[in-house]
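Please look at the sequence and the structure shown here. The paragraphs below go through the salt bridges and then the ligand and its surroundings.

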Amino acid sequence: MALNPRSRTRLTRYTTSEFSGDTLRDALGRTLSDAECLPRKEFFEAWETARRIRRHFRGGPVLELAAGHGLLSHILLLLDRTSSHAVCVDRRKPVSFGRLHTALVARWPHLEGRIQYREEKIQAATVEPGALVVAVHACGGLTDLALDLALGAQSRVAVLPCCQVTKRGGTSGLEGWIEPQLAVDVTRLFRLRAAGYRVFAKQIPAEITPQNRLLLGEPSS
Ligand SMILES: C[S@@+](CC[C@H](N)C(=O)[O-])C[C@H]1O[C@@H](n2cnc3c(N)ncnc32)[C@H](O)[C@@H]1O
């Protein structure tokens, strides 16, 4: 039986057999199952997000904000070896980062030394030239801070927002037509467009998470 992609139950050695194929996704699923360090949902979410990001953006260092376990950075480097390295930023590094990093480096040694974790606030983060700024479920205004950083550096950006704050004028008055959380994300998209960005409105499968809108942007020139 296929795993429920929304489940917060951990991948464990008992889920290894669910990933029997010859694909990178299945190799990741097996490795993370053996490591027993991550909820199933986090794996499916990071995988689906990374795939979509890589269809649009390749190369450059990755800056992952509100990174939590940091799996997205690992997958982005695995999907595109032309990205030299990744920096994960979170105010608190969870135990799961160390465990998944050790397991993934053991399986893919070329990741060794290429993923740095900075335990600091997003507000203190800096963007390297040519970087790709990413943030998955950076709650509420943290997503806007990610957009601020990307816009300030004129870098490419990909966010999968959650916990939209609808009471501080972030809806552009659209809540009479569309639900307020969507209005916040539409407003974000048009903020990027107004700044001269080319934008892409994507989704990851809703069976993984209802917070599934993926906003991608890159400077148009
Ligand atoms: C909902 S979690 C998302 C984590 C991860 N991206 C994921 O998809 O599982 C939000 C993360 O934001 C981090 N966070 C909250 N405020 C922050 C801040 N000001 N600066 C950096 N990280 C922050 C939390 O520690 C937490 O790891």
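How many salt bridges does the structure hold? In this predicted model, the number is 14. One of these salt bridges joins glutamate 36 and arginine 13, whose closest N and O atoms are 3.0 Å apart. Arginine 13 belongs to the segment before helix H1 (24–35), while glutamate 36 is in the loop between H1 and H2, so the pair ties together parts that are 23 residues apart in sequence.

The ligand sits in the largest pocket. Helix H2 (40–56) and strand E4 (132–139) are the elements that give two or more residues to the shell around the ligand. Of the elements, E4 gives the most, with three residues.

In total, 16 residues surround the ligand, and the closest are Glu42, Ala66, Asp90, Ile122 and Val136. What is the division of the shell residues into nonpolar, polar and charged? Six are nonpolar, four are polar and six are charged.

Several polar atoms of the protein can be located relative to atoms of the ligand. Glutamate 42, listed among the closest residues, has a polar side-chain atom 2.9 Å from an oxygen atom of the ligand. Isoleucine 122 is also in that list, but here a polar backbone atom is the partner, at 2.9 Å from a nitrogen atom of the ligand. For glutamine 123, a polar side-chain atom lies 3.3 Å from a nitrogen atom of the ligand.

How much of the accessible area of the ligand does the protein cover? On its own, the ligand has 590 Å² of accessible area, and the protein covers 79% of that area.

Note on methods. Residues are numbered from 1 along each chain as its sequence is written. This is a predicted model: local features need pLDDT of at least 70, side-chain atom pairs count only at pLDDT 80 or more; totals for chains, interfaces and linings use all residues. Side-chain values use heavy atoms; hydrogens and water are left out. A residue is near a molecule or strand if one of its heavy atoms lies within 4 Å of it. A polar contact is a pair of N or O atoms within 3.5 Å; within protein, one must be able to donate a hydrogen and the other to accept it, and residues adjacent in sequence count only if both atoms are side-chain atoms. Accessible areas come from the Shrake-Rupley method with a 1.4 Å probe; for residues, only the protein chains shown count as cover. On a 1 Å grid over the protein atoms alone, a cavity is a set of points where a 1.4 Å probe fits but cannot get out, and a pocket is an open set with protein on both sides within 12 Å along at least five of seven lines; lining residues have an atom within 4 Å of a point. A molecule sits in a cavity or pocket if more than half of its atoms lie within 2 Å of its grid points. Helices (H or I, at least four residues) and strands (E, at least two) are DSSP runs, numbered from the N terminus. Ala, Val, Leu, Ile, Met, Phe, Trp, Tyr, Cys and Pro count as nonpolar, Asp, Glu, Lys and Arg as charged, and the others, Gly among them, as polar. A salt bridge is a side-chain nitrogen of Lys or Arg within 4 Å of a carboxyl oxygen of Asp or Glu.
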